[in-house]
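Open the structure in your viewer and colour it by chain.

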Amino acid sequence: MMLIGVEFMTNAGILNFVAFSKYDTDNDGQLMALFIIVMAAVGVAVALAIMINVFKHYKSIDPNKLTNMKN
Amino acid sequence: MIIFYMFCFLTVVSAIFTVITQQLVQAMFMFFLTLFCLAGLYVFALADFVALSHILVYIGGVLVLMVFGFMLSDKTVLNAIPQVINPSDKKQRVVITLLSILFFILMLTLWRSVDISSITWLNYAVNEESHSIKNIGIALMSEYLIPFELTSILLLMALLGVAYLSRKESTDA
């Protein structure tokens with residue numbers, strides 16, 4: 001769920017870039033959007049690898065149950 | 001124009017639903033809808049190349065990767081769907097079959113009735129008025145060459161890092 005939230009934020013950014021590049025002659029915004037898409041994909045891949053490792057350790061991926069570092 | 005507002009509305013509604021729903025599977029499907037509507041909005045912004053790569057990378061890559069990750073890690077998260085559909089129920093089976101046939105007919109009529117030569121953005125993209133894809137290609141190979149190469153190196157780093165991260169435990173143990 002947290003991962004989806006991050007994706008939403010990057011998507012909002014991409015939408016802004018694309019929308020404003022409509023009024024631009026040299027499509028810089030679209031290029032930026034492409035780079036951001038690649039960044040987001042990389043982020044998700046790494047996050048999922050970390051998540052699988054967390055699951056191996058704690059047998060759960062619910063962030064509310066991972067309380068090892070509290071108090 | 002009304003399609004544009006419909007896309008906007010669907011995007012916002014499915015995004016809100018994704019955030020407020022408690023079940024991960026529903027959130028996934030709604031996120032899928034949001035991504036598709038976003039791709040539609042990109043088409044309206046005359047960014048067809050970005051729209052296509054968005055569909056390829058996000059829906060084909062990121063979303064499938066997410067579902068895989070959840071399946072590989074915690075299956076109990078995915079099991080939280082309420083069991084509404086009961087395959088042995090005759091009435092339900094009839095209703096589902098009728099619904100799918102109706103949907104198929106709808107798709108067929110849409111496919112037959114659509115006139116490809118009258119779609120504005122497609123004409124715009126094919127004609128010489130728009131140089132967006134050409135511009136992107138030239139810019140990637142000239143002005144943005146260094147970011148482009150950096151992105152490729154970043155992808156390689158992510159590939160190696162992810163492989164290392166997910167293998168490390170099994171070699172230690």
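The expected span of a helix is 1.5 Å times one less than its number of residues. Keep that rule at hand for the first stop. The model is a predicted one.

Stop 1: Select residues 24–44 of chain B, which form helix H2. H2(B) has 21 residues, and from its first C-alpha to its last it reaches 30 Å. That is close to the 30 Å expected at 1.5 Å a residue. Now move on to B:Leu46, which follows H2(B) and has a positive phi, near 60 degrees.

**Stop 2: the two chains together.** Show chain A and chain B. Here 48 residues of chain B are in contact with 41 residues of chain A. How much area is buried between chain B and chain A? The figure is about 3900 Å², with carbon and sulfur atoms giving 79% of it. Select B:Tyr58, B:Met66 and B:Ser73: they supply 13% of the area that chain B buries against chain A, more than any other three residues.

**Stop 3: the side of chain B that touches chain A.** Select helices H1 (2–20), H2 (24–44), H3 (48–73), H7 (132–141) and H8 (145–172) of chain B; each supplies at least two residues of this side. H3(B) gives the most, with 13 residues. By class, the side has 35 nonpolar, 11 polar and two charged residues.

**Stop 4: polar links.** How many salt bridges does the rule find across the interface of chain B and chain A? It finds zero. For polar contact across this interface, the rule finds one residue pair, both at pLDDT 80 or more.

Note on methods
Residues are numbered from 1 along each chain as its sequence is written. Chains are lettered from A and ligands numbered from 1 in the order in which they are written. This is a predicted model: local features need pLDDT of at least 70, side-chain atom pairs count only at pLDDT 80 or more; totals for chains, interfaces and linings use all residues. Side-chain values use heavy atoms; hydrogens and water are left out. Contact means heavy atoms within 4.5 Å. Buried area is the accessible area (1.4 Å probe) that two parts lose on being put together, summed over both. A salt bridge is a side-chain nitrogen of Lys or Arg within 4 Å of a carboxyl oxygen of Asp or Glu. A polar contact is a pair of N or O atoms within 3.5 Å; within protein, one must be able to donate a hydrogen and the other to accept it, and residues adjacent in sequence count only if both atoms are side-chain atoms. Helices (H or I, at least four residues) and strands (E, at least two) are DSSP runs, numbered from the N terminus. Ala, Val, Leu, Ile, Met, Phe, Trp, Tyr, Cys and Pro count as nonpolar, Asp, Glu, Lys and Arg as charged, and the others, Gly among them, as polar.
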